[in-house]
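Visitor: Hi! Could you walk me through this structure?
Guide: Happy to, here it comes.

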Amino acid sequence: MTGPLLDIRDYRLDIGTFDGPVHVLKGINLTVNRGDTLGIVGESGSGKTVLVRSVLGIGPKNSRVVEGGITFDGQDITRLSEKDWTKIRGIRISMIFQDPMTYLNPLFTVGRQISDVIAAHEKAAGQGVSPKAARRARTEELLDQVGLPNPSMLFGQYPHQLSGGMRQRVLIAMALAGKPDLLIADEPTTALDVTVQAQVLDLINSLVEKLNLTVVMISHDIGAIATVAKRCAVMYRGEIVEQGLTADILSRPQHEYTRRLLAAVPDIDAAAAKIPAEPVAPEPAGPGALLEAIDLRKIYRSQSGAEVAAVKGISLSVRTGEIFGVVGESGSGKSTLARMLLRLIEPTSGDIIFDGRNISGLAGEPLRQMRRHMQFVFQNPHSALNGRHTIGDAIGEPLRIQTGMSRRDIEARAEALLDIVQLPKMFKYRYPHELSGGQKQRVCIARAIALNPRLLILDEPTSALDISVQAQVLDFLQQLRAELNLTYVFISHNLAVIRQICDRTIVMKRGEIVEQGETERLFLSPQQDYTRTLIESGRKTSRAANLADHAG
Amino acid sequence: MTTPITSPSTPPAAAITMIDQTELSRPLTFRERHASQIRQWRLYAHMFRKSFSSMLGLTLVVLFLLLAAFGPLLAPYPEAASGAIDMSNKLMPPTGANWFGTDEMGADIFSRVIMGARTSLWIGLIITGIGALVGVPLGIIAGYGGGWLRAIIMRITELFLAVPGLALALAIVAALGPGITNCVLALALVWWPGYVRLVEAKTLSVKEELFVESARSIGARTPWILWHHILPNCLSPIIVKMSMDMGMAILSAASLGFIGLGAQPPAPEWGAMISVARTYMPDWWWYSLFPGAAIFLTVLGFNLLGDGLRDILDPRSRDR
């Protein structure tokens, strides 16, 4: 019982690739005592996931421990055999994964999956497997422990019948099934909505107290870490650049990288110093409106004939030159709305008026011409680019489709566009997979502005990106708008981001507008309960992360 | 002002930044412009070389291609292929002069096997070529178009797939009359449905990709999307299937030759040779053994090559 529970000493890990070994972890030193809650913060590629997976013995293929080792409860687990791992994995160390959907088998009931885990643990522990009824009782107890209502009914349900937050709770219950000493949480809230995030973090906190759990949680979201972890370590390029008490790190960051990271976190409580749009049209919608939607509806018909309304009668008006925010949780219909505005999805009914012209009836060539003026930036830059086209081809594609420009002119224009989005000209020969997420999103933006559109619809343009990259892209988008005189419709679930850049905002829930108005007014005096809950949940993590600002 | 974000998450970023430092106004060399492709091809070569069976397949296929290309120069008795008769030498076992022995007309089997390679290559290329040429466009149209168009194409495809291909080809050749051209034609006619199935399935998944929607949002017409986005992303499985089909097509043509519906003697076609040799089994074993071995090795080679290509082209098996 003496000594730390988990002790990582000078741990160096290389992954062998075609381009030679990559030093993923460079001398990690980390100790976790019993009852500790440790957070590891880092951007994608910083090696945090590789680190915790190594602790569980499920590190990447072709990896090689160069130096150092990991000791768990006095036992060296650096080079354990697969057989010995079965006595540790899930029993002494458990893990919660990022995406609760893909880690549950859709073919089996929740109860069956958890009881199977219990049975497996009992088998591995060398005891006989307990009878079915006993396992069922234990499963229901676990489900109750993670705050799920009505466990006995839940036992017989399938994963697809549960919401994202409930699935994450089921995964946590499963991880607790073996009564682990150490619980590893790999981005447990990233895939969840803001309000659900807050609940899951609360749950982890209460479990730590109730069961005296030791938790290692990794996340790129400092807010989430700050809510749960007492101690925290900051990882950057395979190294731990700083560790200590979370409160200390947030209020007095020592390392330059930590400072940059903290500065990049958008603050939900800060009124943003916006770059005012040049032609601010103070008069309400009318002559200044660039895009209007009148009573837009989208109804999907399921195979059984039931009708599901994704968007229920939305009317909005976007003024020339403004940034129009659309905020809502997943399933609120905001992406459907965006695609309808661009006529990528056919609305069931309603009108879309762009620049005084009704475009909802357009088809064929006129619609194709229309597309020049309004462009879309997708949420996920990794899949919005064709992996088999070079960056130059991707940026030149709209020009090749929409203009009669010669090949040489298109090349020159693509280079100019790369310059505008602040990427080196060299990149036109590269392929998407060679670029980082932020670079790819810049390429997508370059592609979107190639035809000098007047309206950009941005569907969560930063949610697939790291926080520091997100800040850069947001700054850049504002700069670009001023330079090119653009109008944005900006869709996001991140309230802090919305507050930072949007002039007016609508809040959506289940396909309807809950509240709309000037962004500042919306945040300072929300009129609807839903808006208030949304802002409160967002504030919870945001405030924790912004301790630094409030303290100093 | 230009401050590119270089994230540590992309391994080849090192290569990019290295070139960045030299980014000047000078025109780039070929190697610099195509650094990405060169790396990709080297990666493919590296992965291919690691697998013994892939390399064996490649060796067999290259050997076969060399024989097909230079057969007439390599064969010791080229006239043996065109029905030269030397009755004094008939049915001789393998010797130093006739490595594979001689047939009932006294022709050198070694020469005939070598000369047969070209016929087989020709058969394989035409059958898989026509199959892909017909099947791929139909598959893409069915997958992308959907609706009644897809229903029609897929039902016809299924109709063809429901009848065993070789049996159907047999019926067609029987109707057209035996001969190598008819045999190839018949096989090509039954070969395309496989490609429709394959490409349709692949198109269905590719068309849901975000970059297709992205292309639509910039105003791309359907043919543009099919040609520039869907087809390139379907190419890997097509290449794999074609390389495997080469072997199967050669085997099928040989089967038709064996039952006398394909190439007619004295054409040096492997299937037809075995067909004649059948009556000389087992005493004159070399007569059927060597053409049989040629078919076996060729089909094996193409299958191993196809397997190897699948391993390197499938992104899931790509552990770089």
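Visitor: How do β13 and β19 of chain A pair, parallel or antiparallel?
Guide: Strand β13 (residues 323–328) and strand β19 (residues 504–509) of chain A pair in the parallel sense, over 5 bridges. Strands here are DSSP runs (E, at least two residues), numbered from the N terminus, and helices are such runs too (H or I, at least four). Two strands pair if DSSP finds at least two bridges between them.
Visitor: Which residue is the bridge partner of V326(A)?
Guide: The bridge partner of V326(A) is I506(A), in β19(A).
Visitor: Before we go on, what kind of model is this?
Guide: This is a predicted model, where local features need pLDDT of at least 70, side-chain atom pairs count only at pLDDT 80 or more, and totals for chains, interfaces and linings use all residues. Residues are numbered from 1 along each chain as its sequence is written, while chains are lettered from A and ligands numbered from 1 in the order in which they are written.
Visitor: Back to the sheet! What is the strand order?
Guide: In chain A, 6 strands form an open sheet in the order β16-β17-β18-β13-β19-β20, with mixed pairing. β16 (374–377) and β20 (512–518) of chain A stand at the edges with a single partner strand each, so one side of each has no neighbour in the sheet.
Visitor: What about β14 of chain A, what does it pair with?
Guide: Strand β14 (residues 349–354) of chain A runs antiparallel to strand β11 (residues 289–301) of chain A, joined by 5 bridges. In that pairing, I294(A) has D351(A) of β14(A) as its bridge partner. β14(A) is also joined to strand β15 (residues 357–358) of chain A by 2 bridges, again antiparallel. There, F354(A) has R357(A) as its bridge partner.
Visitor: And how many residues lie between β14(A) and β15(A)?
Guide: The two strands form a hairpin with 2 residues between them, and D355(A) in the turn has a positive phi of about 55 degrees.
Visitor: New topic: how do α8 and α10 of chain B cross?
Guide: The axes of helix α8 (residues 180–206) and helix α10 (residues 222–258) of chain B come within 10 Å and cross at roughly 155 degrees. Axes are lines fitted to C-alpha atoms, for helices over the stretch in contact, and angles run from 0 to 180 degrees between N-to-C directions.
Visitor: Why does that make them roughly antiparallel?
Guide: Angles over 145 degrees count as roughly antiparallel (under 35 is roughly parallel, 65 to 115 roughly perpendicular, the rest oblique), and α8(B) and α10(B) are therefore roughly antiparallel to each other.
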